[in-house]
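Work through these exercises with the structure open beside you. Try each task before you read its solution.

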Amino acid sequence: MEICREAGVEKTEAIATSAVRDASNGSAFLAELRERFALSARLLDGEEEARLTYLGATSEHPPTEPTLVVDIGGGSTELIVGTGEEIAFHTSLQAGVVRHSERHISGDPPSALELEALAGDIRTLIAGAISGQPGAAASAGIAVAGTPTSLASIEIGLETYDPKQVHGHTLTLSSIQRHLSQLASAPLSKRAEVTGLHPDRAPNIVAGVVILVETMRAFGLDRIQVSEHDILYGSAITANSALDCG
């Protein structure tokens, strides 16, 4: 909030998503934001979360073919399929980089059995969500959030993270699998030193990459485009539109 004040921000938009929806003390958390920071956060339902994520990821170039947007978070993963401005399918999986690292990975580096269990869990969750859903099919994909942006940064070899270079970078499934092999075979101390990977992401990057790989396999995608524009970008577009209308 201090940064916002210094920047002369006219309107602050705060949103809460699946983690707060699921939390037993979600309402208390939102009340704390109001009391301590004068932030009236909007608790989004799944449909609005999907809409804003899709809007952010596709705003520059609305897709002309069915496109999957995958947003891998700490405790959940959002899958949205749409064409143009229309969303045909969306779901929120109880699968995330922190949740599934804690659930399946205890070894350093993780064992083959741990990785197999993690991947199997993700496959089951995805299959349960998309089975029998006619809109859950895509011929292109966009990936947002820390896992794909970190992979792009690693692949480019960025000593200092540069969102302009990361945004729009295309990752192939084969290259992602190669990065997974390298990251999963290294102990945490070595992963934290990988060029392009922020040390804070090193503990959970393996689970994130497994989620991305299994998602691409489930939708039959051999490549995916990385985007810096996610739900925050979609929320900013919506807030700016409201200001313009006002």
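**Exercise 1. The second largest pocket**

Find the volume of the second largest pocket and describe its lining.

Solution. Note that the model is predicted. Step one: the volume of the second largest pocket is about 220 Å³. Step two: 14 residues line this pocket. Nearest its centre lie S153, Y161, G196, L197 and H198. Step three: sort the lining by class. This gives 4 nonpolar, 7 polar and 3 charged residues.

**Exercise 2. The largest pocket**

Which elements give two or more residues to the lining of the largest pocket?

Solution. Step one: start with the pocket itself. The largest pocket has a volume of about 330 Å³. Its lining has 19 residues, and T17, E49, D71, G73 and I231 lie nearest the centre. Step two: name the elements. β1 (15-16), α2 (18-22), β3 and α12 (231-245) each give two or more residues to the lining. α2 gives the most, with 3 residues. Step three: sort by class. The lining of the largest pocket holds 9 nonpolar, 6 polar and 4 charged residues.

**Exercise 3. The core and helix α11**

Which element gives the largest share of the largest nonpolar core?

Solution. Step one: take the core. It has 44 residues, and I176, L183, V209, L212, F219 and I224 have the most contacts inside it. Step two: look at the elements that give two or more residues to this core, including β3 (67-72), α9 (173-184) and α11 (205-218). The largest share, 9 residues, comes from α11. Step three: check how covered α11 is. 12 of its 14 residues are buried. Among them are I205, V209, L212 and E214. Step four: follow one contact. L183 touches I205, V206 and V209, among others. After α11 comes G220, with a positive phi near 65°.

**Exercise 4. C4**

Solution. Step one: locate C4. It is found in helix α1 (residues 2-6). Buried means under 20% and exposed means over 50%. Step three: list its contacts. Leaving out residues up to four places away in sequence, C4 touches V9 and T12. Step four: compare with R178, 174 residues apart from C4 along the chain. Their C-alpha atoms are separated by 40 Å.

How values were computed
Residues are numbered from 1 along each chain as its sequence is written. This is a predicted model: local features need pLDDT of at least 70, side-chain atom pairs count only at pLDDT 80 or more; totals for chains, interfaces and linings use all residues. Side-chain values use heavy atoms; hydrogens and water are left out. A nonpolar core is a set of buried Ala, Val, Leu, Ile, Met, Phe, Trp, Tyr and Cys residues joined through side-chain atoms within 4.5 Å. Buried means under 20% relative accessible area, exposed over 50%, partly exposed in between (1.4 Å probe, protein chains only). Helices (H or I, at least four residues) and strands (E, at least two) are DSSP runs, numbered from the N terminus. Contact means heavy atoms within 4.5 Å. On a 1 Å grid over the protein atoms alone, a cavity is a set of points where a 1.4 Å probe fits but cannot get out, and a pocket is an open set with protein on both sides within 12 Å along at least five of seven lines; lining residues have an atom within 4 Å of a point. Grid points are joined across faces, edges and corners, and a volume is the space filled by probe spheres set on the points. Ala, Val, Leu, Ile, Met, Phe, Trp, Tyr, Cys and Pro count as nonpolar, Asp, Glu, Lys and Arg as charged, and the others, Gly among them, as polar.
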